[in-house]
Amino acid sequence: MKRITPIPFIIALLWCCLSANLFAQKTISLPKPKTGTSKSGSSKSSSSLSSNKPKSFDEVENNPKKKKVTKSTPLGRAFQDMTARYNRYFNAKMKYDESNKMLVSKHKEDFNTTLPVYALKGGDGKMVSFNLDEINKKASINIQKKPNSKWVDDSYLLLGQAFYLMGDYESAVKSFKYINNRFANNIRMSYDTKSKEQMQKLRAEEQKQVKKDREYDRKLKEQERQDKIEQEQKKRDAAKKETEKAKKERLDKAADAKKDREKDAKERAKDRAKEIKEREKAREQDKKQREKDKKAREKARKQGKPLPPKTTTTNAKDKEAELKLEKEAKAQEKAAKEAEEKAKEEKEAQEKAAKEAEEKAKEEKEAEELAAKSVVQERSGKEKGYKGGFLRHTLAKHDAMLWLTRTYIETDKMDNAASLIKKMKDDKRFPNRKKGDLGVVEAYYYLQNKQNNQAQVALRSAAGDVKPKAERARLYYILGQLAQEDDNHKQAVKDFEKVLHSKPVFDMELNARINIAKSKMQGGEFTPEKAIAYLTKMSKEEKNVDNVDQIYFAMAEIELQNGNTDKANEYLAQSAEKSTNNKDQKVKAFLKLAEMNYKAEKYLPASGYYDSTFALIAKTDAKYKEVSERKSVLGELARDLKTIALQDSLQRIAQMPDKERKEFLQNLIAQLRKDAAAKDTTGMAEVNKTKMSDSKGSSGVSYFYNDAAKLNGYKDFALKWGNRPLTDDWRLAAKQNNATTTDNSNSNVDTTGYDYNKLIEMASKGELSVDAIMQKLPITAKQKAQSDSLLIDAYYGAGKTYKESLKNNKKATETFAKLMERYPNNKYAPDALYALYQLSTTDKKTADANRYKNELIEKYPNSKYAQILRDPNYLATLNAQKSALEKYYNETYALYQQDQFEEVKKRSSEVNTQFIENPLQPKFDLLNAL
């Protein structure tokens, strides 16, 4: 007998299946097609079906071209199963896996914060939207053209996953719910043994159940709304009671304070009346004594005798006593006012603390209610066993439930998520192979609700069941981070070691090893020295050469924990220097250095580090605003401090004898030329040397593989241009963004002298000479006056920055005092003295405050500050005048808008007669001119 070859036999079998499927199936619910359908029409229909991809789940279900489920033979179903799987579903699944891998590879983990349970979240798929659209199209066509296939539920699952990644949560939820409601425990939507009446009954039951679900959701939302209304009402009632109580207390306190003030006023009036009587009596006595002295002097003059000395009067003493009384009265009034303000602040602080305590108690109560609340179990149809047929297949139901739970958590529907988790845990037929995934989604639920202890239990349970090692490593890493947060460092070490055993990606392995060193030190297993040695050994390993910046940063953190700031600074500087590829790590190193120096009040180096951080930090970073503000403030301070240092140096050199000055400048120029040569040697000279060795075919390393040369080139570029993106026309594109930085850098170069960078530049170009420097020295009286003017401006600017922006009273006091010491009659003297008075008052240095106050009143009696100190109501008067002036201007501008120009001119001419000070004069001039 001749042997039949397998390939023709398989082809014949497939043709039989196709024939059986085409001729043996009976349509149950699909009406008969209209006659006259041509071949071209059929082709057109198929083309339009494949080209119109659905945008949502509703478009998939409501597609008019969707085929109905038919009654077919086993061979027909087998054919549909095979063609559905190995055609569109296979391609769609391949696209989904490819997209998932691409998104995961592009995702950058932040290992310094607790990792999320899932690397990807809803909406992250926008960068692969084309692939997701293809998945959407292929899966929906599979559903439409192969309704009898057992891969329909898998196609719906793919649809839901694609919707989730695109951020279409509503369609995703509908897709996952449809799988659970439509398929239950059936592997396909086939009704092989059901009559038309049974199908209608099943649909009616489904509709009835849908109505029940909707009614349940409606009642649940109504209950939530009522609970929210009741809570808001209770909150309003409590707030109203607190407000009334506080108001009553304030009124009572104000009444008591008023009584005390009236009592004090009466006592002071009584004392003043008594003092006035005593002064009048003293004046009468003085008058009599003066008359007596006058007679005695006349008598002595007539007799030719020496005139007797004048008797000391009590007028000076009276004036002194009067001033003293007035000062005491003002001091008492001020003390009473301060006591009243202090009482008010204490009351507000108590109210705030009570409110925070109430809110915290409320949050704890709500958390307890959520934990104690019984989760309503969703309906579940009659559980049936199933047997897979040819090419045994599993249900998509359980995956759909897991993804539905994940979507609920993502959309903050925690009650629905809790209900599904409970349902899956109570289901005895839930597959063991999915227990790990269930534990992961449960941990995700607990972490989102800040229930870390329950999350750890779920993660530990899931980690043993999760099969892919990469996912298992992620779970153990999260467990290690949670253990660190709980100060359970021994457990953290165990979890991070399990990460290493799970063969994670390189970045996770590196950070796990760093965390092992930290946890061992904090747990007492390592001394700080041993931890540093452990990390130092890591930094020398060849595989870590590109990540040594992270290791140095971890070493710096360990030194900081042990109070070794100098060593921490050294490691952070190395981290920033070695970070040539990792921009985020360089930002972290610079920012840490900036914050350390800022905290230590080393503002000049802090300014440089904030400048470096600002040049690299992303605008979306949470620290961007703070970095920008501090860069601006410290930049102004650094400019003033550099001006002070530069002008002091120039004046010191100018005061030297000619011979000594010339010798000093020659030595300085020689040193600067050495510095310039050294800088060139470490920069372009090294690059040129490398290029030459390469051109000769030697074994030298190319420039682009030379880390030292690249780093120096990067430094030179960043110094001149800042951090520029790799784009076309980057000079123009970044011009606007870097305008501020360029201006700030140029403002550091003083026009009357050379800073260090300028001198280095001149030395490298051969332009540096004794005569060139001599031209900038303040030798003449005019140059000295110009230098002093710069010093005065710098001292005042630095003091103002210390006082107003940095709130450093000590530095501000020192700077203003230095200004007044070197230049007592400078143009900012009234402002500086008033600032010193305010600072001394704030620091409760009464003697100093009085000294500055008296000096200000004595030297500058007509200044506004002197008037403020003499008259406490003067400031209020100034503010009232300012408000009146602004109102007057607004009225004038309104007349201008109404074209009443004569009235505008009249008011503009009268403004200076009505107001003593008119800072808005330019605005009035502009109105008058227009």
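The model is a predicted one, in which local features need pLDDT of at least 70 and side-chain atom pairs count only at pLDDT 80 or more, whereas totals for chains, interfaces and linings use all residues. Residues are numbered from 1 along each chain as its sequence is written, and side-chain values use heavy atoms, with hydrogens and water left out.

The chain contains 36 helices and two strands, where helices (H or I, at least four residues) and strands (E, at least two) are DSSP runs numbered from the N terminus. Of its 930 residues, 35% count as buried, a term that stands for under 20% relative accessible area, with exposed meaning over 50% and partly exposed the range in between (1.4 Å probe, protein chains only). Among the contacts with a separation of 6 or more, 64% come from residues 24 or more positions apart, contact being defined as heavy atoms within 4.5 Å.

Two helix pairs illustrate the packing. Helix α6 (residues 152-166) packs against helix α10 (residues 397-410) at an angle of about 20°, and their axes lie 11 Å apart; axes are lines fitted to C-alpha atoms, for helices over the stretch in contact, and angles run from 0 to 180 degrees between N-to-C directions. This angle makes α6 roughly parallel to α10, since angles under 35 degrees count as roughly parallel, over 145 as roughly antiparallel, 65 to 115 as roughly perpendicular and the rest as oblique. The contact involves L157, Q161 and Y164 of α6, together with D399, A400, W403, R406, T407 and E410 of α10. These residues divide into four nonpolar, two polar and three charged, where Ala, Val, Leu, Ile, Met, Phe, Trp, Tyr, Cys and Pro count as nonpolar, Asp, Glu, Lys and Arg as charged, and the others, Gly among them, as polar.

In the second pair, helix α16 (residues 506-522) and helix α18 (residues 548-561) pack at an angle of about 15°, with their axes 11 Å apart, and the two are therefore roughly parallel to each other. On the α16 side the contact is made by L510, N511, I514, K518, M521 and Q522, and on the α18 side by Q550, I551, A554, E557, I558 and Q561. By class, this contact of α16 with α18 has six nonpolar, four polar and two charged residues.

Helix α29 (residues 781-805) has 25 residues and reaches 35 Å from its first C-alpha to its last, close to the 36 Å expected at 1.5 Å a residue; the expected span is 1.5 Å times one less than the number of residues. The buried residues of α29 include S787, D788, L791 and I792, and the cover over its buried residues includes α21 (603-616), α22 (624-654), α30 (809-822) and α31 (829-842). In α13 (residues 452-463), the residues A455, Q456, A458, L459, A462 and A463 are buried, and what covers them includes α12 (435-448) and α14 (469-485).

D495, placed in helix α15 (residues 489-501), is buried, with a relative accessible area of 0%, and, leaving aside neighbours within four places in sequence, D495 is in contact with R460, Y476, L479, G480 and A483. G766, by comparison, sits in the loop between α27 (756-765) and α28 (770-774) and is exposed, with a relative accessible area of 58%.
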